[in-house]
Amino acid sequence: MKIHLTEALATARLQTPIGELRLAASDEGLRTVLFETDSAELPAARGSGIARSHLASACTALEEYFTGRRKTFEGVTLAARGTEFQCQVWRALSLLPFGQTVSYATLAQRIGRPTAVRAVGLANGQNPLPLIVPCHRVIGSNGALTGFAGGLPAKKWLLEFEGALSPRLLPR
C-alpha cells in the first residue's frame, strides 16, 4: 500500500491488544491502518484540523472496538484508494458482521464475480484499512485461517475476541 507523503496527512499510533497500530488520515477521511509488522513509512505528521478530526474519530472507534463497546465502524469517514474492483471487494468486506466469517469464494459470489476468488483474495490482502474494513473475517473455504497483514496470531485473536472462533477448536 502506497502512502503519498506529499499529502497533508495526520498520523497517530495506537496501542492495542494485537500490537501498535499506525493510522493516517487526510482531509477526505481515514487513509490507512498499519500493523507493527508493516514496513511502510508513516512519519509523524499533524495534518489539517479536518484530517486530525477524522483520525481522532478512527482512534476512538478502535479503542471502543477493543474494549467491546463497538461492533461496527459506522461514522468513521474512510478514504481508501484502490481500483474499482478493490473498492467493490472492500465495500463487501464492510458488510461482514462482527463475529461472523466468510470464505473468499463466498465473498467472490457476493460481489457477482464467482470465478474471481484469487482476485478477491488479492484485493482483501491489499485492504488499506484492516479492522475497520474487516478483512480478518475472511477465511479459507475449509475454515483455515489464511494470510493477514497483522499476522495469523493477530487474526486468530481478533476472531476469538469477536466470538467467531472457539479457542478450544483451534490447533495450538
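Phe73 comes out buried because its relative accessibility is 10%, where buried means under 20% relative accessible area, exposed over 50% and partly exposed in between (1.4 Å probe, protein chains only). Its ring partner is Tyr65, in a tilted pair with 5.6 Å centre to centre and 40° between the planes. Tyr65 has 0% relative accessibility, so Tyr65 counts as buried too. The model is a predicted one, with local features needing pLDDT of at least 70, side-chain atom pairs counted only at pLDDT 80 or more, and totals for chains, interfaces and linings using all residues. Residues are numbered from 1 along each chain as its sequence is written, and side-chain values use heavy atoms, with hydrogens and water left out.

A second tilted pair puts Phe66 against Trp157, at 6.0 Å centre to centre and again with 40° between the planes. Phe66 sits in helix 1 (residues 49-66) and Trp157 in helix 5 (residues 152-161), so this contact ties together parts that are 91 residues apart in sequence. Helices (H or I, at least four residues) and strands (E, at least two) are DSSP runs here, numbered from the N terminus. Zooming out, ring pairs link Tyr65, Phe66, Phe73, Phe98, Trp157 and Phe161 into a cluster, and the structure holds nine aromatic pairs. For the record, rings of Phe, Tyr and Trp (its six-membered ring) pair if their centres lie within 6.5 Å, and planes under 30 degrees apart count as stacked, over 60 as edge-to-face and the rest as tilted.

Now for the strands. Strand 2 (residues 19-26) is mostly covered, with eight of its eight residues buried. Strand 1 (residues 10-16) runs antiparallel to strand 2 over seven bridges, two strands being paired if DSSP finds at least two bridges between them. The two are joined by a hairpin through two residues, and Leu14 has Leu21 of strand 2 as its bridge partner. Leu21 also has a bridge partner in strand 3, namely Phe35. Strand 3 (residues 29-35) is antiparallel to strand 2, with six bridges, and here too there is a hairpin, with two residues between the strands.

UniProt, in an unreviewed entry, places the domain "Methylguanine DNA methyltransferase ribonuclease-like" at residues 14-79; its positions are given in the numbering used here, feature names are shortened, and annotations may be inferred rather than shown by experiment. Over that stretch the chain is 27% helix and 27% strand, with the end C-alpha atoms 19 Å apart.
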